Amino acid sequence: MKRIITATVQNKSGVLNRVTGLLQRRQFNIESISVGTTETPGISKMTLVVEVEDSQKLEQLTKQLNKQIDVLKVSDITDKAIVSRELALIKVGSSGQLRSEIKEIIEPFRATVIDVSKDSLAVQVTGKPEKVEALIELLRPYGIKELARTGVTAFLRGNQPQVSELPSYSLLR
């Protein structure tokens, strides 16, 4: 089962390496990861999408992440009301004739053309991963020359408390 895990961490050198190393040693596959600074100086937020076999493995993952010295908080937000987005940049081969056709395809996705060259068109799309994937599949027949995706980033909607269904073990350190 895919789970969306957020981790609030110290913005220090090596934290990302330690977190991904832990996941690798425990044989968790990271489907996507995004990391960025937060509204608090010195604090970053990681959003990880991981494939987890069962709730016992999920609990193990949460406990192990919470044991990391620079990890301040870990939450499984998969089953919560969340806002999640991904960004993709897609370079598609296009001649002058195909450009209007491609623009018609991307319009319902609220995607935008961000670069035009003689033989290609670069498109930017943001949204839920399913939306991004759907646009990529529609553009494949035109010949995708290059594709870059950010991975999912997410947080809870509204004023929900930052509590996961799993107990937080950060106080036990």
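Ile33 stands opposite Leu48 in β3. That strand covers residues 43-51 and pairs with β2 in the antiparallel sense, over 8 bridges. Two strands count as paired if DSSP finds at least two bridges between them. The hairpin of β2 and β3 has 5 residues between its strands, and Gly42 takes a positive phi near 85° there.

This is a predicted model: local features need pLDDT of at least 70, side-chain atom pairs count only at pLDDT 80 or more, and totals for chains, interfaces and linings use all residues. Residues are numbered from 1 along each chain as its sequence is written, and side-chain values use heavy atoms, with hydrogens and water left out.

Now the whole chain. The protein chain holds 4 helices and 9 strands. Helices (H or I, at least four residues) and strands (E, at least two) are DSSP runs, numbered from the N terminus. In order from that end, the elements run β-α-β-β-α-β-β-α-β-β-α-β-β. The C-alpha trace spans about 65 × 30 × 30 Å along its principal axes.

Of the 173 residues, 39% count as buried. Buried means under 20% relative accessible area, exposed means over 50%, and partly exposed lies in between (1.4 Å probe, protein chains only). The chain exposes about 10,000 Å², and carbon and sulfur atoms supply 50% of that area. Accessible areas come from the Shrake-Rupley method with a 1.4 Å probe; for residues, only the protein chains shown count as cover.

Contacts tell of the fold's range in sequence. Among contacts with a separation of 6 or more, residues 24 or more positions apart account for 73%. A contact means heavy atoms within 4.5 Å.

The largest nonpolar core has 17 residues, and Ile5, Val19, Met46, Leu61 and Leu65 have the most contacts inside it. The elements that give it two or more residues are β1 (2-10), α1, β3, α2 (55-67) and β4 (71-76). α1 gives the most to this core, with 4 residues. Apart from it lies another core, of 16 residues, among them Ile105, Val125, Val132 and Leu139. A nonpolar core is a set of buried Ala, Val, Leu, Ile, Met, Phe, Trp, Tyr and Cys residues joined through side-chain atoms within 4.5 Å. Val19 touches Met46, Leu65 and Val71, not counting residues up to four places away in sequence.

Helix α4 (residues 129-139) is the place of Glu133. Glu133 is partly exposed, with a relative accessible area of 30%. Leaving aside neighbours within four places in sequence, Glu133 is in contact with Arg140 and Arg149. Ala81 and Glu133 are 52 residues apart in sequence, and their C-alpha atoms are 22 Å apart in space.

Gln27 lies in the loop between α1 (15-25) and β2 (29-37). Its phi is near 60°, a positive value in a residue other than glycine. Gln27 is exposed, with a relative accessible area of 73%. Arg110 lies in the loop between α3 (96-106) and β6 (112-116). Arg110 has a positive phi of about 55° although it is not a glycine. Arg110 is exposed, at a relative accessible area of 74%.

Last, the charges. The mean positions of the 25 positive and 20 negative charges are 6 Å apart. Lys and Arg count as positive and Asp and Glu as negative, while His and the chain ends are not counted. The place of a charge is taken as NZ of Lys, CZ of Arg, CG of Asp or CD of Glu.
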